[in-house]
Amino acid sequence: MNGKRAAGRKAVEEIKDGMTIGLGTGSTVYYFLEALAEKVADGFHMTGVATSQKTIDLAHQWNIPMQPLNAVKTIDITIDGADEVDASLNGIKGGGGALLYEKLVAKASKRRVWIVDNSKKVEQLGTFPLPVEVVPFGWKHIETYLEGKGYQPQVRRGDDNEPYITDAKHYILDLHLTSIADPRALADELDHLTGVVEHGLFLNMTDKVIIGYPDGQTETLAK
């Protein structure tokens, strides 16, 4: 068992019959969805709210009942992955391109649990490039501003070498920072930058992190 699978399957213990569950995006979440589909096949009742079209497609393939975010009043719990997590349970998300929808679903949730393998646990955020979702109109000017700040932005590109387009039809600039000394200050700066739709700093936005290890063991960090 790899660490991602260990964390994904452990997260099933967090859910209860009848819940509305936010379903994240990514390779670790795949294993959670796989385990969830097994429970649904055995009669488990739930409603899923997805953070990406990829997750919707997978849920439909596995007969997991789904509703759009606008159709539910609240989400009981969201299970999602992360690209980096520090000791304070702050993280970087958006490596899969779903950061905007992931943050919207997280904000609508009563509880949030991240599932990661042990390679995602870091002392300081920033080694993983920080995704910044921007509107296509004038994105080069946002890139120029970020370059001037020394943030080393690179537009994310798809297989065709054209700019990658998110589910919400935006572009992503990945900031290659190496380390982020003050995540809150950077988040505040990006929050107030015209043309930025959302960024991948998820600060004080999870209640628990389940870390999976290659030997199949898991570790839980909680506030």
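This is a predicted model: local features need pLDDT of at least 70, side-chain atom pairs count only at pLDDT 80 or more; totals for chains, interfaces and linings use all residues.
Buried means under 20% relative accessible area, and Lys208, at 18% relative accessibility, therefore counts as buried.

**A salt bridge between Glu14 and Lys208**
- Glu14 and Lys208 form a salt bridge in which the closest N and O atoms are 3.0 Å apart.
- Because Glu14 lies in the loop between helix 1 (3–10) and strand 1 (20–23), while Lys208 belongs to strand 12 (residues 208–212), the pair ties together parts that are 194 residues apart in sequence.
- Glu14, with 13% relative accessibility, counts as buried, and Lys208 is likewise classed as buried at 18%.

**Salt bridges of Lys93**
- Lys93 meets the side chain of Asp80 in a salt bridge of 2.8 Å, N to O, which links strand 3 (residues 75–80), where Asp80 sits, to the loop between strand 5 (91–92) and helix 4 (99–107), where Lys93 sits.
- Glu102 also forms a salt bridge with Lys93, with the closest N and O atoms 3.3 Å apart.
- Lys93 is buried at a relative accessible area of 2%, Asp80 at 3% and Glu102 at 5%.

**A salt-bridge network**
- Arg9, Glu34 and Glu38 are joined in a network of salt bridges.

**The buried face of helix 6**
- In helix 6 (residues 183–191), the buried residues are Pro183, Leu186, Ala187, Glu189 and Leu190.
- Viewed down the helix axis, these buried residues fall within an arc of 160°, so they line one face of helix 6.
- The buried residues of helix 6 pack against strand 7 (130–134), helix 5 (139–148), strand 10 (196–199) and strand 11 (201–202).

Conventions. Residues are numbered from 1 along each chain as its sequence is written. Side-chain values use heavy atoms; hydrogens and water are left out. Buried means under 20% relative accessible area, exposed over 50%, partly exposed in between (1.4 Å probe, protein chains only). Helices (H or I, at least four residues) and strands (E, at least two) are DSSP runs, numbered from the N terminus. The arc is that of the directions from the helix axis to the C-beta atoms. Contact means heavy atoms within 4.5 Å. A salt bridge is a side-chain nitrogen of Lys or Arg within 4 Å of a carboxyl oxygen of Asp or Glu.
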